[in-house]
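Hi,

Here is the structure I promised to pass on to you.

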Amino acid sequence: MDTVDLAVVGGGVIGALVAHEAVAAFPGLSVAVLERGLVGQGASSRSAGVHFPRGATERVRSMTEHSHRVWERLAAELDLPIREVAATVVATGAGDAVPTTYLRLGGETAPADPARGWAAPAGARAWTLDGCHYADVQAVTGRVLARLRDQVAVLEGAEVTALAAEDGHHRITLGQGQELLARRVVLAPGPWIAHPAWADLLAPLGLRVKKVVATHLESAPAPDAPLAVFHDEDAFLLPLHERGHYLFSYTCDRWDVAPDDLEPGLERSDLDDARAVLGRFAPGLAARCTSGRVFCDAYSPRREPVVAELRPGLVFAGAAGGSGYRLAPAIAAETVAALDLAPVRTLSQPPQRQS
Ligand SMILES: Cc1cc2nc3c(=O)[nH]c(=O)nc-3n(C[C@H](O)[C@H](O)[C@H](O)COP(=O)(O)OP(=O)(O)OC[C@H]3O[C@@H](n4cnc5c(N)ncnc54)[C@H](O)[C@@H]3O)c2cc1C
């Protein structure tokens with residue numbers, strides 16, 4: 001039976017960043033990433049991939065700062081498909097929370113962009129926001145793991161069906177009957193939190209899975225079109241230049257869905273809901289919401305990512321609640337620190353945890 005120092009269960013963006021961080025911290029470490037499908041094809045494949053520097057709590061703001069720096073560096077080192085974008089934050093309410101929620105906020109600006117076809121209601125306020133980008137998250141995941149292939153075994157089509165503690169190791173059973181022993185395990189299953197192999201272990205964390213929807217607009221963005229973040233609606237309008245259309249993400253409130261049961265396409269109500277929110281800002285563009293992407297993500301009760309030891313040497317990483325791309329580097333840094341693998345040299349110091 002093969003033995004590895006670290007097994008990472010789940011080849012999404014979080015699993016990939018954990019593997020990257022672990023190898024950077026411990027160059028001689030033997031690592032295996034175990035993915036039931038193909039890497040990057042879970043929630044990561046549907047992601048809008050937006051990074052905006054914001055956080056409702058001190059911990060998430062700190063994770064944002066850390067992740068911002070790491071994405072900047074990895075984008076250059078690995079030539080990742082990441083594109084910087086100018087951004088405007090619009091608050092339809094008083095906007096009091098905006099200055100403390102967003103990092104790299106610029107000055108106030110006009111709460112309308114007639115050239116792009118949207119305008120906020122009377123009384124709204126707007127600010128410019130620096131440091132935003134968007135990424136092709138599936139491609140980023142694949143490229144990060146491709147760079148690690150000489151140090152990390154990436155097993156695809158390898159569903160983990162059982163996890164058992166055994167004499168200071170973890171015995172991992174794969175769908176095809178193969179077994180693996182690991183000194184440490186990171187569980188990064190994205191929204192597959194209810195898998196029988198770990199559902200009981202995760203139950204105390206109180207995680208839930210919510211549907212996430214982003215509609216596509218039949219409208220080609222201008223080359224300098226900014227990202228518009230509608231703060232009070234928790235929605236954003238993103239120019240996807242490479243794909244030649246806008247994406248509109250809004251907050252869908254459908255809870256306790258299962259990733260394998262979700263219909264692949266949009267429901268009529270998804271389009272209606274998206275048009276109702278976007279219609280407040282851009283009635284012309286709202287009518288162009290005709291298609292989109294639907295999946296789901298895991299959320300924690302505190303609406304912050306979770307890095308938690310489930311039993312000695314077995315750490316869960318995820319539940320980033322719709323922010324798993326932008327916070328993945330910080331989640332990975334916290335996870336590798338939590339693995340207690342002896343002298344740690346992380347890529348950079350993990351963000352400070354708040355009690
Ligand atoms: C429509 C949409 C838009 C989004 N937009 C943004 C955004 O703009 N910005 C942002 O930061 N985040 C966004 N997100 C959230 C972000 O995409 C997720 O938080 C992130 O991709 C989660 O990464 P992950 O690695 O935890 O999960 P996943 O990418 O789902 O990876 C988990 C992997 O685990 C594998 N797995 C599951 N069970 C097993 C098993 N038993 N054995 C082996 N492997 C297993 C799965 O096959 C999967 O590949 C969006 C999500 C959606 C759905």
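When I say contact, I mean heavy atoms within 4.5 Å. Before the details: this is a predicted model, where local features need pLDDT of at least 70, side-chain atom pairs count only at pLDDT 80 or more, and totals for chains, interfaces and linings use all residues. Residues are numbered from 1 along each chain as its sequence is written, and side-chain values use heavy atoms, with hydrogens and water left out.

Let's start with two helices (DSSP runs of H or I, at least four residues, numbered from the N terminus). In α3, Arg59, Met63, His66, Ser67, Val70 and Trp71 touch Ala328, Pro329, Ala330, Ile331, Ala333 and Glu334 of α9. By type, the residues of this contact are eight nonpolar (Ala, Val, Leu, Ile, Met, Phe, Trp, Tyr, Cys, Pro), two charged (Asp, Glu, Lys, Arg) and two polar (the others, Gly among them).

Now salt bridges: a side-chain nitrogen of Lys or Arg within 4 Å of a carboxyl oxygen of Asp or Glu. That rule gives 20 of them. One links Glu334 and Arg59, at 3.0 Å from N to O. Since Glu334 is in α9 and Arg59 in α3, the pair ties together parts 275 residues apart in sequence.

What about the domains? The protein splits into domain 1 (1-81 + 136-206 + 301-355) and domain 2 (84-127 + 208-299), with bounds from an automatic or database domain assignment. Their contact takes 28 residues from domain 1 and 23 residues from domain 2. About 2,300 Å² is buried between them, 62% of it from carbon and sulfur atoms; buried area is the accessible area (1.4 Å probe) that two parts lose on being put together, summed over both. Arg46, Arg54 and Pro191 supply 24% of what domain 1 buries against domain 2, more than any other three residues. Three salt bridges cross this interface.

Cheers
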